[in-house]
Structures are given as structure tokens and as C-alpha cells.
Amino acid sequence: MHFSQSMMDLFQKRQSVRRFTDKPIERELLLQCAEAARLAPSAENSQPSRFIIIDDPETKAHLTKHAFTGVFAATRWAEKAPILVVQLAKLDVLTNRIGKQITGLNYYLIDSGIAGEHFVLQAHALDLGACWIGWFSAKGVKKALKLPAKYRPVAMFAVGYPESDNIRTKKRHDLKEIAWFNEVQ
């Protein structure tokens with residue numbers, strides 16, 4: 001595994017990539033991203049995240065036709081990505097039904113966010129570019145991939161080698177605007 005970058009360097013340089021080269025991506029690298037996601041913590045260790053890695057062009061074309069249609073057409077740029085990854089949540093009765101009734105939180109969404117971020121950070125550490133996609137038709141994805149009811153599409157990732165290594169300056173709030181000790185300021 002590739003861990004040469006410091007964590008802060010990784011956080012500072014990781015960005016959403018929407019343009020990729022045609023260079024093929026070894027499945028081993030994609031499995032390393034999935035392994036990083038597998039190691040993510042989850043509520044009650046429910047481990048809801050599953051990943052369908054789409055590297056077949058016909059399957060990808062069929063998926064994008066259903067996922068990026070209608071109001072979701074703005075995401076059609078992802079058709080050109082060499083790899084599309086569909087992140088699914090396998091819903092668990094205890095953490096997702098009972099937990100939500102008690103706290104009002106969808107724990108599978110929190111868990112999916114943690115696992116998804118592990119996936120894209122590992123992709124960056126492996127010199128791959130990735131873009132987290134939330135604007136897609138979940139119904140279309142379920143139909144295209146013939147997903148059983150127990151799986152809910154929660155995110156997609158476009159993955160490939162970045163067309164450019166141009167790092168954009170991140171526009172972020174100042175740290176003192178988002179982190180406080182002991183009280184809201």
C-alpha cells in the first residue's frame with residue numbers, strides 16, 4: 001500500500017477531479033480504495049457500505065443512461081470517467097431502523113460518508129483522481145444494476161488518472177470560524 005503522504009498533505013491536495021486520461025487503472029488499485037473504505041468505522045460495527053466498481057464500458061454506458069437522466073443530466077460528464085463506483089448501503093435493522101426512531105439520525109448515511117471519504121482519500125494517495133457524486137437518480141441506478149431492495153445507492157465516484165495535476169486553491173472558512181472551545185462563538 002502507498003502511504004508516503006502525510007495526512008494533512010493528503011487533505012490539502014485532494015480535490016474533485018472531473019477530467020481523466022485514458023490510462024487504464026489496475027483493479028488492484030481500486031481494491032486498495034475499497035480496502036481503505038472497508039476499514040472505516042460504522043455505528044454498532046454494522047459496516048453497511050458495499051462498492052460496485054464499474055470498469056466494463058457497456059455496463060458503464062447502461063448505468064449512466066439511467067443514473068444521469070432528467071434533472072440529473074448535469075452529471076453526465078461522469079460518463080467519460082474510466083471507472084464509476086457505486087456506493088451502496090446495506091440497511092441494518094438495529095442501527096438503521098431502531099436507531100433512527102430513537103435519535104432521528106440515518107446512521108447508514110453517516111457510515112457511508114466515512115467509508116466514502118476513506119475511498120477517495122486512498123484514491124488520491126494512489127495518484128488517482130476521484131469525484132464524489134451525489135447528484136444521480138438512485139431509482140435509475142437500482143434499475144440499471146438490478147439491485148435487491150436491501151441495497152440503497154448512496155453515492156457514486158468517478159475515478160481515473162487526472163488529466164492535469166493542477167491543484168486548485170481551496171476556498172475554505174478560516175479555522176477560527178468553524179472550531180471553538182467550550183461554546184459557540
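Is Asp-55 buried, partly exposed or exposed? In this predicted model, Asp-55 is partly exposed, its relative accessible area being 31%. The legends below begin with this residue and its partner.

**View 1. The salt bridge between Arg-27 and Asp-55.** The closest N and O atoms of Arg-27 and Asp-55 are 2.7 Å apart, and the two residues form a salt bridge. Arg-27 belongs to helix 2 (residues 27-38), whereas Asp-55 sits in the loop between strand 1 (49-54) and helix 3 (57-67), so the pair ties together parts that are 28 residues apart in sequence. Arg-27 is exposed, with a relative accessible area of 58%, while Asp-55 is partly exposed at 31%.

**View 2. The salt bridge between Glu-35 and Arg-38.** Here the side chains of Glu-35 and Arg-38 meet in a salt bridge, with an N to O distance of 2.7 Å. Both residues lie in helix 2, where they are three residues apart and therefore separated by about one helical turn. Glu-35 has a relative accessible area of 24% and is partly exposed.

**View 3. The salt bridge between Arg-76 and Glu-79.** Arg-76 and Glu-79 form a salt bridge in which the closest N and O atoms are 2.7 Å apart. Arg-76 counts as partly exposed, at 32% relative accessibility. Glu-79 likewise counts as partly exposed, at 31% relative accessibility. In the model as a whole, the count of salt bridges comes to four.

**View 4. Strand 3 and its pairing with strand 4.** Strand 3 comprises residues 129-133 and is mostly covered, since four of its five residues are buried, a term that denotes a relative accessible area under 20%. Strand 3 runs antiparallel to strand 4 (residues 151-160), and five bridges join the two.

**View 5. The largest pocket and its lining.** The largest pocket has a volume of about 410 Å³. Its lining consists of 21 residues, and those that lie nearest the centre of the pocket are Gln-15, Val-17, Pro-162, Ser-164 and Asp-165. By residue class, the lining of the largest pocket divides into eight charged, seven polar and six nonpolar residues.

Terms used: Residues numbered from 1 in each chain as written. Predicted model: local features only at pLDDT ≥ 70, side-chain atom pairs only at ≥ 80, totals over all residues. Heavy atoms only, no water. Buried < 20%, exposed > 50% of the residue type's maximum accessible area, 1.4 Å probe, protein only. Pairing = 2+ DSSP bridges. 1 Å grid on protein atoms, 1.4 Å probe; cavity = no way out; pocket = protein on both sides within 12 Å on 5 of 7 lines; lining within 4 Å. Points joined across faces, edges and corners; volume = space filled by probe spheres on them. Nonpolar A, V, L, I, M, F, W, Y, C, P; charged D, E, K, R; others polar.
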